[in-house]
Amino acid sequence: MAAAQKHVLRVYVARDTALKLTLLERPKSVEELKEIMQERFKPRLDGDFSLHYEDPDFDGDLCLLVDIQELPEKGTLRVVRPEGDTSSTASSDTDILPHVPALQRQKSWPDHFVVPGFGYEMEHILEEGNRVYEESGKLLKLKRSQKSEILKKMAETIYSFKPYTHEKELAMAAQALIRAHPCLRMTAGEDGELGWKRHIGYKVASYRNNLAKAGVAEVAINTGRRSRNNPDNDHPHQNIKKARKAEVNYIINLPKDQTPATLETMREEIIHEVEKTERNQLVIGKLMNTTYALRRQEIVGALVAPRVRDVVDRWPALLMESQVFAEFHRINNVNLRNQFYKELDRHTPKLITLFRDKGTKTGKIAEELAKLMRIYELQEQRDVNMRRALVLRALPVYLREDASKFFRTCNSADGPDLTDTPVGSPDSCH
């Protein structure tokens with residue numbers, strides 16, 4: 001039996017951005033390769049694209065990769081997107097996404113918690129403990145300092161995802177620790193990880209308290225609550241200000257080289273730039289990125305949530321489409337446009353099949369869907385944008401909804417008046 005082929009590829013996901021991809025075996029198809037790349041290079045590689053490889057038969061000129069057998073064992077691939085594909089991750093003058101600084105949190109809670117590595121000595125102790133446990137079932141007895149080292153590292157890793165964890169997330173971390181190092185069970189029973197869950201919870205709370213004392217904004221915002229010296233303040237466990245499920249950078253400290261005064265000057269520069277007839281999108285994007293911490297402290301840190309009117313008066317760039325996407329990216333570290341198109345493209349094949357099947361039946365809904373399908377099939381070129389348009393037009397018809405109310409296109413002057421609505425209320429999220 002022939003050995004599996006290993007492939008080492010340099011993949012250009014943008015003109016000046018190359019990423020390394022190592023495959024232990026050749027994928028079964030080009031589509032499977034694209035799925036692997038989308039998963040590995042998330043979120044850089046979303047939406048529709050084709051792959052081109054440097055063909056040695058033509059002195060390295062690019063050729064479209066159609067047959068997976070043409071995939072070189074070692075070579076260069078280039079990602080090519082359809083013309084006009086708005087899901088491209090490349091920035092444009094109207095879609096400028098910020099770079100997330102290293103000091104900000106860049107990821108949310110994972111689907112599968114990965115236990116961090118510990119120090120060399122601790123890893124050796126755990127490896128030996130796991131070996132003894134497999135041979136005799138004997139559990140490892142840790143010294144107090146060793147247990148403290150494990151808990152501290154677990155707390156740091158958990159905090160890198162979110163400062164305030166739920167019980168199920170602590171349980172996930174504890175279970176992952178026991179799966180990685182079964183010798184650490186505190187009892188021989190199936191619930192041996194529950195003790196670790198409790199200890200990890202205490203350590204995370206202690207770690208959070210130390211960071212609050214050090215002035216880390218996202219936890220310091222909840223200090224100064226009811227105590228012996230302040231009996232009238234909020235209860236320590238009530239009205240905690242913390243990120244919602246999808247939020248990654250809820251509130252952050254001011255940049256080290258900036259002060260409230262310098263950031264306020266930048267805010268005024270933003271207003272001046274927005275008022276121009278020809279706005280400099282790059283300048284606005286850079287200033288909005290730098291002043292993000294000030295903006296979040298004004299919104300999240302306020303005792304009473306500010307009104308939408310007050311926020312947009314101070315930050316008028318938030319009414320620009322490009323900055324709506326950019327601010328979403330700053331808070332959630334997700335490219336909203338790309339994520340929308342990615343999910344739309346993922347469901348498109350099944351939705352088109354659904355619409356086509358429904359169009360063969362009788363009734364008013366079937367007739368409307370059949371009409372849309374005929375228009376689509378008469379097109380000479382059915383590119384990704386055509387497929388998206390079909391799905392978005394056919395979906396409200398299939399769901400028996402009024403298309404004029406299902407999707408709404410408006411500018412800042414249209415829609416409901418939210419100017420007096422507090423930021424963060426359900427109405428302000430429409």
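Trainee: In this predicted model, what is the handedness of the crossing of helix 8 and helix 11, and which residues of helix 11 make the contact?
Mentor: The axes of helix 8 (residues 281-290) and helix 11 (residues 321-332) come within 11 Å and cross at roughly 30 degrees. That angle makes helix 8 roughly parallel to helix 11, and their crossing is right-handed. On the side of helix 8 the contact is made by Q281, I284, G285, M288 and N289, while on the side of helix 11 it is made by S322, Q323, E327 and R330.

Trainee: How many residues of the contact of helix 8 with helix 11 are polar?
Mentor: Sorted by class, the residues of this contact include two that are nonpolar and two that are charged.

Trainee: Are helix 3 and helix 5 roughly parallel or roughly perpendicular to each other?
Mentor: Helix 3 (144-161) and helix 5 (residues 194-213) have their axes 9 Å apart and pack at an angle of about 65 degrees. Helix 3 passes helix 5 in a right-handed crossing. Because angles of 65 to 115 degrees count as roughly perpendicular, the description for helix 3 and helix 5 is roughly perpendicular.

Trainee: Which residues in helix 5 meet helix 3, and how many residues of that contact are nonpolar?
Mentor: From helix 3 the contact takes in K147, S148, I150, L151, K152, M154, A155, E156, I158 and Y159, and these meet W196, H199, I200, K203, V204, Y207 and L211 in helix 5. By class, the contact of helix 3 with helix 5 has two polar and four charged residues, and the number of nonpolar ones is 11.

Trainee: Where does H166 lie, and how far apart in space are H166 and G201?
Mentor: H166 lies in the loop between helix 3 and helix 4 (167-180), and at 41% relative accessibility it counts as partly exposed. Along the sequence H166 and G201 are 35 residues apart, whereas from C-alpha to C-alpha their separation in space is 9.4 Å.

Trainee: What separates the C-alpha atoms of D67 and S29?
Mentor: D67 lies in the loop between strand 4 (61-64) and strand 5 (74-80), where, at 40% relative accessibility, D67 counts as partly exposed. Although D67 and S29 are 38 residues apart along the chain, the separation of their C-alpha atoms is 7.4 Å.

Trainee: Is T348 buried or exposed, and with which residues is it in contact, leaving aside neighbours within four places in sequence?
Mentor: T348 lies in helix 12, and since buried means under 20% relative accessible area, its value of 4% places T348 among the buried residues. Leaving aside its neighbours within four places in sequence, the contacts of T348 are R387 and V391.

Trainee: Which residues of helix 14 are buried?
Mentor: Helix 14 (residues 384-398) has 15 residues that should span 21 Å, and its end C-alpha atoms are 21 Å apart, which agrees. What covers its buried residues includes helix 12, helix 13 and helix 15 (403-406). Those buried residues are V384, R388, L390, V391, A394, P396 and V397.

Trainee: What is the phi of R400?
Mentor: R400 lies in the loop between helix 14 and helix 15, and at 63% relative accessibility it counts as exposed. Most residues other than glycine have a negative phi. R400 is not a glycine, yet its phi is positive, at about 60 degrees.

Note on methods: Residues numbered from 1 in each chain as written. Predicted model: local features only at pLDDT ≥ 70, side-chain atom pairs only at ≥ 80, totals over all residues. Heavy atoms only, no water. Helix = DSSP H or I, 4+ residues; strand = E, 2+ residues; numbered from the N terminus. Expected span 1.5 Å × (residues − 1). Buried < 20%, exposed > 50% of the residue type's maximum accessible area, 1.4 Å probe, protein only. Contact = heavy atoms within 4.5 Å. Axes fitted to C-alpha atoms, helices over the stretch in contact; angles between N-to-C directions. Parallel < 35°, antiparallel > 145°, perpendicular 65-115°, else oblique. Left-handed = near helix turned anticlockwise from the far one by under 90°. Nonpolar A, V, L, I, M, F, W, Y, C, P; charged D, E, K, R; others polar.
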